Amino acid sequence: SSGINAEYGVDTRREPLVGERVQYVICYGSPGLPLIQLVHEPLEVLTSSHLQINALYYITKALVPPLQRVFGLMGVSVMEWWNEMPRDVRVHRSANIGRHTISHYYQTKHCVFCDGVSDALCGCYGDTQRVGVLVEAGLSRVMAELQCVERICGDCGGGGGRCVNATCPVLYKRFRLEGRLAERVEVREDVYRLFQW
C-alpha cells in the first residue's frame with residue numbers, strides 16, 4: 001500500500017523478493033476502497049494516530065471461518081452468533097486533525113472521565129473534585145505503566161535508540177501506552193478548560 005510502497009520507494013533494495021513474506025496490517029478506510037489500499041506496515045500503524053486496525057475484517061475473515069468449521073459440526077452458526085452480538089462503539093481521540101477515520105465522528109458510549117458505560121457524560125461530571133481525581137489518577141496510571149515498559153526496553157539492549165523490532169510484544173505495548181498517554185493528556189487539558197481550573 002502507500003506506506004509499504006513509500007518505504008520501498010526510498011530504497012529499491014528493500015523491495016521484497018518474489019515469494020518473500022511481507023508484514024502488513026489491514027486498517028479502516030473510506031467505504032468502497034479496494035483492500036490493497038487499506039494495507040499498512042505494522043510500524044506505520046503504531047506510529048500513526050489516525051490509523052486503526054480493522055478488527056471487523058480480522059474477525060469476519062480470519063476468526064469466524066475456522067470457528068464456523070469447528071462449531072458447524074455441532075450445528076452452531078458462529079456467523080449468526082457474531083451478527084447478533086451487540087457492538088460497543090469507542091472513539092479513539094487523535095491529535096492529528098483533519099486525518100480522521102469515520103469512527104472519530106461516532107459518539108462514544110464511555111464516559112471520558114471515569115470510563116463508565118453511558119450514552120453521554122455520566123453522573124461523575126457533576127462532581128468536579130471527583131473528575132479531577134479520576135483524570136489525574138488515570139494519567140498517573142498510564143505514565144507508571146509506560147515507565148515500566150520503557151525500563152524493559154532499556155534493559156533489552158536497544159541502548160539509547162528507539163527499538164523498531166516488529167516481532168517484540170513490548171514494542172506494541174509501548175506504542176499503545178504512548179497513544180493512551182497522549183489521549184489522557186488531551187482529556188486533562190479539556191477538563192481544565194471545561195472547569196476553568
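**Salt bridges in a predicted model**

Modeller: In this predicted model, the side chains of R188 and E136 form a salt bridge, with 3.5 Å from N to O.

Colleague: Which parts of the chain does the pair R188 and E136 tie together?

Modeller: R188 belongs to helix α6 (residues 169–195) and E136 to helix α5 (residues 128–156), so the bridge ties together parts 52 residues apart in sequence. R188 is partly exposed, at 26% relative accessibility, and E136 is likewise partly exposed, at 27%.

Colleague: Where do R180 and E145 lie?

Modeller: R180 is in helix α6 and E145 in helix α5, so this pair ties together parts 35 residues apart in sequence. Their side chains meet in a salt bridge at 3.9 Å, N to O. R180 has a relative accessible area of 32% and is partly exposed; E145, at 28%, is partly exposed.

Colleague: How far apart in helix α6 are D190 and R193?

Modeller: Both residues lie in helix α6, three residues apart, or about one turn of the helix. Exposed means over 50% relative accessible area: R193, at 56%, is exposed, whereas D190, at 26%, is partly exposed.

Colleague: How many salt bridges does the structure hold, and what is the order of elements in the chain?

Modeller: The structure holds four salt bridges. From the N terminus, the order is α-β-β-α-α-α-α-α, giving six helices and two strands.

How values were computed: Residues are numbered from 1 along each chain as its sequence is written. This is a predicted model: local features need pLDDT of at least 70, side-chain atom pairs count only at pLDDT 80 or more; totals for chains, interfaces and linings use all residues. Side-chain values use heavy atoms; hydrogens and water are left out. Helices (H or I, at least four residues) and strands (E, at least two) are DSSP runs, numbered from the N terminus. Buried means under 20% relative accessible area, exposed over 50%, partly exposed in between (1.4 Å probe, protein chains only).
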